[in-house]
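Work through the exercises below with the model open. Each task is followed by its solution.

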Amino acid sequence: MNYKIAVIPGDGIGPEIVREARKVLDQAAARFGFTLSYTELLLGGASIDAHGVPLTQETIEGAKSSDAVLMGSIGGDARISPWYKLEPSLRPEAGLLGIRKALNLFANLRPAYLYDELRAACPLKEEIIGEGFDLMIVRELTGGLYFGERKTIEENGSKKAIDTLVYSEDEIRRIAVKAFEIARKRRGRLCSVDKANVLDSSRLWRAVTEEVAKDYPDVELSHMLVDNCAMQLVKDPGQFDVILTENMFGDILSDEASMITGSIGMLSSASLNETKFGLYEPSHGSAPDIAGKGIANPIATILSAAMLLRYSLDQDEAADAVEEAVKSVLAEGYRTADLMSEGCIQTGTEQMGDLIAGKVAGK
Ligand code: NAD
């Protein structure tokens with residue numbers, strides 16, 4: 001089986017970390033008996049430099065004709081980069097929003113996993129961390145408050161701002177189906193988060209989620225109010241498997257969940273559409289402050305590549321092997337500079353990639 005992977009190295013540390021993720025993917029392919037063909041595409045600052053715009057039709061078409069997209073990060077240092085002298089619609093970030101829209105990526109997946117070896121980085125107390133946590137936030141990405149009609153009007157000499165929160169049954173159903181499918185690939189528990197005691201959109205969310213649950217008797221569905229969920233994430237994160245929520249709640253809760261892992265260089269993410277297709281990228285940015293120094297942590301991108309194997313290619317065994325390889329390299333004490341602590345062995349970006357790829361290959 002051959003899969004077509006579109007690769008967007010991006011800006012800053014993007015090309016360095018994507019190179020390592022490709023190395024790991026190649027080893028996974030060789031070991032599990034499939035092949036990968038790559039097409040490199042430009043986005044963000046790299047596209048501005050080449051074409052004057054952050055996103056071209058060529059990049060959209062290239063991504064659409066692939067099975068999945070692996071991306072580094074885009075953007076530069078806004079204080080000094082000439083990209084930020086351009087009007088907002090021509091800046092690097094506009095390319096990212098544009099490609100998400102063009103590919104109809106409505107489901108955002110952000111895992112938060114605490115590696116035993118990195119417990120010291122977790123800001124929670126030891127007794128709260130307990131056995132650790134391994135959760136996945138599934139956030140609706142193209143509807144709700146961020147996409148509803150908005151305006152500011154003036155009434156009796158006073159300004160009034162209006163934002164609209166709209167969700168249709170279909171929008172809720174398609175993200176709920178994604179979340180149930182993901183829960184099925186994990187520990188089979190789904191917590192749907194809403195504000196059904198106040199919002200109509202949340203009451204519809206709850207009703208549709210209940211309806212979809214009938215097709216997934218093997219997944220245990222529960223509901224939680226968003227204010228309670230924000231508390232539970234810092235009180236007992238180990239209780240969660242998959243959290244399903246709407247756009248704005250997910251924006252806030254996924255940042256909270258990533259903070260409790262304490263290590264930005266470890267956080268992967270995926271954005272999926274209705275098919276198996278997805279765009280996979282680290283949660284962090286392009287880190288222009290360390291670009292080109294060979295010290296960036298490639299693990300978030302490598303773990304994003306593992307998600308690509310699992311969710312777009314259905315190569316679960318290969319995904320498991322990549323995740324296990326990361327655990328085992330950390331257990332042996334190897335750390336990039338951002339994770340370094342006493343008694344560990346410091347590695348650069350390339351060496352970390354080599355170590356993980358070596359484990360995947362079974363060395
Ligand atoms: P950032 O995530 O790039 O960096 C924040 C801090 O974390 C920096 O000190 C950086 O050195 C460090 N860091 C980040 N990733 C690391 C890694 N893999 N290894 C080691 N250290 C790492 O956030 P920022 O500085 O606010 O943004 C820089 C640029 O990235 C901006 O142009 C921003 O718009 C862009 N950005 C892009 C994305 C994306 O492509 N999805 C996301 C966030 C930010």
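This is a predicted model, where local features need pLDDT of at least 70, side-chain atom pairs count only at pLDDT 80 or more, and totals for chains, interfaces and linings use all residues. Residues are numbered from 1 along each chain as its sequence is written, and side-chain values use heavy atoms, without hydrogens and water.

**Exercise 1.** Classify the lining of the second largest pocket by residue type.

Solution. The lining divides into nine nonpolar, two polar and nine charged residues. (Nonpolar: Ala, Val, Leu, Ile, Met, Phe, Trp, Tyr, Cys and Pro; charged: Asp, Glu, Lys and Arg; polar: the others, Gly among them.) Next, locate the centre: of the 20 lining residues, Tyr113, Asp134, Arg186, Arg310 and Glu323 lie nearest to it. Finally, the volume is about 510 Å³.

**Exercise 2.** Find which element gives the most to the lining of the largest pocket.

Solution. Start with the total: 29 residues line this pocket. α4 gives the most, with six residues. By class, the lining holds eight nonpolar, 12 polar and nine charged residues.

**Exercise 3.** Describe how α8 packs on α9.

Solution. Take the angle first: helix α8 (residues 226-235) and helix α9 (residues 247-259) pack at about 10°. Their axes are 10 Å apart. α8 is therefore roughly parallel to α9 (angles under 35 degrees). Now list the contact (heavy atoms within 4.5 Å): α8 brings Val226, Cys229, Ala230, Leu233 and Val234, and α9 brings Phe249, Leu253 and Glu256. Seven of these residues are nonpolar, none polar and one charged.

Notes:
Axes are lines fitted to C-alpha atoms, for helices over the stretch in contact, and angles run from 0 to 180 degrees between N-to-C directions. Helices (H or I, at least four residues) and strands (E, at least two) are DSSP runs, numbered from the N terminus. Angles under 35 degrees count as roughly parallel, over 145 as roughly antiparallel, 65 to 115 as roughly perpendicular and the rest as oblique. On a 1 Å grid over the protein atoms alone, a cavity is a set of points where a 1.4 Å probe fits but cannot get out, and a pocket is an open set with protein on both sides within 12 Å along at least five of seven lines; lining residues have an atom within 4 Å of a point. Grid points are joined across faces, edges and corners, and a volume is the space filled by probe spheres set on the points.
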